[in-house]
Amino acid sequence: MKHILLLAAFLTAGCTFLTPTPTSRLYRDFSAQSDETLLPDYSYAGYHQCEKPLPTVSRVTHRFLDVADFGAVPDDGKSDRDAVLDALKAAHAYTGPAAIVFPAGRFRLNERSDIGKPPITLTRSNLVLKGAGAALSELFFSEPAPLGTHHVSISAPQPDGSYWRGTRTSIKVLSNSSPDGFSVEVNDASTLTPGMIVNVDAGLNVNLEKAKGYFAPHAIPDGPRKRHGGRNDYMFEIHRIAAVEGNRVTFAEPIHLDLPHIDNIVLWTIDHTIEECGVEGVTLAGNYRGLFKHHAGPRYGEDYRMLTFDNAFNCWGNDLRFTDYSKAIRMLRSGFNTVTNALLEGNPGHSSITIEIGYGNLFAYIREQNDTHHGLGVVSSATNTVFLRCTQYKSMEAHCRWARATLYDLNEGGFQTRGGGATFTPMHGRLLCFWNWHVTRPGDVDFWPVGKRYGYFMPPIVAS
């Protein structure tokens, strides 16, 4: 066992793992590594899997590039985008760690005059956007982000533009079991090396007899039968390779895919990643004040997407505030990131936090104070996600596409299961765990609401 289960405390300087009072049989079985345990090890989550504290960004560790030195003037009612783009250009030209620094005040970064200008994106490792504090430095976006983009990005796009899988190099997985919980056998491991990041792409074919065990104790619902002729090709899991011995590949993290029930497993390599980047000490403010309408476009507030992590690993966000947004935080094909001490408020929009194809992302001390359409939650094959000591306004969210092994640890707020995407399909797979949830307002706790279109969850683990 690599870590103790994440159960008790997380500090902004890093993680502290504490052993709870051993009164729970569920926990005793886990800590004894009993074959009967229901709990997986969720602790492979967070910045460097919480084996390192979050970085302290200072003039000693990073070259500071103050946007004011490039012409940005806070609180003058004029666009500061050109100055910030110049600071970004200088930071990318510098070869060492660098921080783009925002002093106190409001910086206007997306006026109508800025339409068509380059995005605000960190595209190499070891770059940080750093403000004077979320209560002091505000990045204000008066216009929506261009279609399909975000206002601020930490991003290393794949060269072929593949959204889901990675680069177009695939290696077939031969075994559909993992005897040690960490390894698979492939047809050709000659191009795989330790440290490489891969995306495990698995299919669940409900036409096969072995698929029935995935849905037990329920029968296979209608949704998976109707989608793609009963075949689902959107069951992903990102891993970092720890060792290669012959054709056996061992990952640095446990596999949470239900390997005995799935088939057609392929490893896609992810060759372009970004690491050691952060956003801290700022407010990201949108400008939509109307009534949000779901999937209705920018006219109804859909395109104030604030911060995204794309192909980002071992990155962080800290001391953040989001207001009047459509989507606050999104992670795509990213892992082992930490977002902590974030306030979500203002006019509610589409979603608070979403993770698409990620492993081991940790969200700690997130305070959601608005009725966003989709609350804090996971979508699209997010795996081993941890929400620790978060306050949720109304609902916990899952959004189909086979999320797995999510831990809600010591959270509080309304408890209402909800989801979207494909109808009559599980919103979340196995190993969803609610540990000591403090319910502050009543909600729906039916995890298999027969007859409803959405809101199906495989049997969760509930402990208090």
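Here is a short walk through a few backbone and packing details of this predicted model.

Let's start with Ser 155, which sits in strand β9, a stretch covering residues 152-155. Is Ser 155 buried or exposed? Its relative accessibility is 8%, so Ser 155 counts as buried, given that the cut-off for buried is under 20%. As for what surrounds it, leaving aside residues up to four places away in sequence, Ser 155 touches Thr 121, Leu 122 and Thr 123, along with Ile 274 and Asp 310.

Now for the backbone. Most peptide bonds are trans, and most residues other than glycine have a negative phi. With that in mind, have a look at the bond joining Ala 216 and Pro 217: this peptide bond is cis, with omega at about 10 degrees. Pro 217 belongs to the loop that runs between α3 (212-215) and α4 (222-226).

Next come two residues to check on the phi axis. Asn 341 is not a glycine, yet its phi is positive, at about 55 degrees. You'll find Asn 341 in strand β22, which spans residues 338-345. With a relative accessibility of 25%, Asn 341 counts as partly exposed, because that class lies between the 20% and 50% cut-offs.

Tyr 365 is the other one to look up. Where does Tyr 365 sit? The answer is strand β24, residues 362-368. Tyr 365 has a relative accessibility of 29% and so counts as partly exposed.

Terms used: Residues numbered from 1 in each chain as written. Predicted model: local features only at pLDDT ≥ 70, side-chain atom pairs only at ≥ 80, totals over all residues. Heavy atoms only, no water. Helix = DSSP H or I, 4+ residues; strand = E, 2+ residues; numbered from the N terminus. Buried < 20%, exposed > 50% of the residue type's maximum accessible area, 1.4 Å probe, protein only. Contact = heavy atoms within 4.5 Å.
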